[in-house]
Amino acid sequence: MKLFLKLDTNALAKKILDEKLSDFNIKFEVINASEVLFLENIPTETYHQITAVLEEYGFEIIENQKNILVQKIKDAIIEMVFSEEAPNVKSSVFLAEKLDHSYGYLSNIFSEVTYTSIENFIILQKIELTKHLIINENLSLTEIAFKLNYSSVAHLSTQFKNTTGITPSAFQRIIAKRREIATKNIN
């Protein structure tokens, strides 16, 4: 028997942070899946213990200011792309307003640290959301293109193929075939 799961990584990260940090009996606030505010000073030894525990779960403590800003950019992009209501502004305006820096500055820092552009990261997130919607929602490609603010299904298809190597229609067929095989295996 197979069990098909849908994972909310943000909720999982927040739960892990909350549970693991509570073990240290310190006051803290989980702001989001990649940011924790400590409400008291933490001894160096405790800090190292926290770091070790969180690393076991795939968390990495970011101490470089540029890396912190890049993580905030990534978080803002994920929020923008995955939100139910897409912002009615360009991504550059959204990021500049949200992070209180000029888009040029954000773009330069992002490229310097990640060796890719903000635009490429946005495209990757949109393609991940497209795959999620194809797998988990009963939406047509037209509906998905509209939901993700693509100018057309052709534009979405081109970016999907450039990123994954296959068209979204081919991806839909693969998912349908896998579901068919899984259903046969259950019966």
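**Figure 1. A salt bridge joins the side chains of K15 and E19, with 2.8 Å between N and O.** A salt bridge is counted where a side-chain nitrogen of Lys or Arg lies within 4 Å of a carboxyl oxygen of Asp or Glu. The model is predicted, and local features are described at pLDDT of at least 70, side-chain atom pairs are counted only at pLDDT 80 or more, and totals for chains, interfaces and linings use all residues. Residues are numbered from 1 along each chain as its sequence is written, and side-chain values use heavy atoms, with hydrogens and water left out. K15 and E19 both belong to helix α1 (residues 9–22), where they stand 4 residues apart, about one turn of the helix. Helices (H or I, at least four residues) and strands (E, at least two) are DSSP runs, numbered from the N terminus. E19 is partly exposed, its relative accessible area being 40%. In this legend and those below, buried means under 20% relative accessible area, exposed means over 50%, and partly exposed lies in between (1.4 Å probe, protein chains only). By the rule given above, the count of salt bridges is 5.

**Figure 2. E79 and K98 form a salt bridge in which the closest N and O atoms are 3.2 Å apart.** This pair links distant parts of the chain, with E79 in helix α3 (residues 65–82) and K98 in helix α4 (residues 91–99), 19 residues apart. E79 is partly exposed at a relative accessible area of 41%, and K98 is partly exposed at 42%. Side chains of opposite charge can pair when their charged atoms come close.

**Figure 3. Within helix α6 (residues 118–136), K131 and E128 lie 3 residues apart, about one turn of the helix.** Their side chains meet in a salt bridge, with an N to O distance of 2.8 Å. E128 counts as partly exposed, at 39% relative accessibility.

**Figure 4. The largest nonpolar core contains 31 residues, of which I73, I77, L95, L106, I118 and I144 touch the most other members.** At least two residues of this core come from each of α3, α4, α5 (103–114), α6, α7 (141–147), α8 (153–164) and α9 (168–186). A nonpolar core is a set of buried Ala, Val, Leu, Ile, Met, Phe, Trp, Tyr and Cys residues joined through side-chain atoms within 4.5 Å. I144 is in contact with T130, L133, I134, L139 and L156, when its neighbours within four places in sequence are left aside. A second, separate core has 11 residues, including L21, F28, A33 and L54. Contact means that heavy atoms lie within 4.5 Å. In soluble globular proteins, nonpolar side chains tend to be buried together.

**Figure 5. Helix α4 has F94, L95, A96 and L99 as its buried residues.** These buried residues pack against α3, α5 and α6. After α4 comes D100, whose phi is positive, near 60°.

**Figure 6. Strands β1 (residues 28–32) and β2 (residues 35–38) pair in the antiparallel sense over 4 bridges.** Two strands are taken to pair if DSSP finds at least two bridges between them. The hairpin that joins β1 to β2 runs through 2 residues. The bridge partner of E29 is L37 in β2. I31, which is found in β1, counts as partly exposed at 40% relative accessibility.

**Figure 7. F24 lies in the loop between α1 and β1.** Not counting residues up to four places away in sequence, F24 touches T46, Q49, I50 and V53. F24 and T46 are 22 residues apart in sequence, and their C-alpha atoms are 7.8 Å apart in space.

**Figure 8. The whole chain, shown for orientation, has 9 helices and 2 strands.** From the N terminus on, its elements run α-β-β-α-α-α-α-α-α-α-α. Its C-alpha atoms fill a box of roughly 55 × 50 × 30 Å, taken along the principal axes. Of the 187 residues, 29% count as buried.
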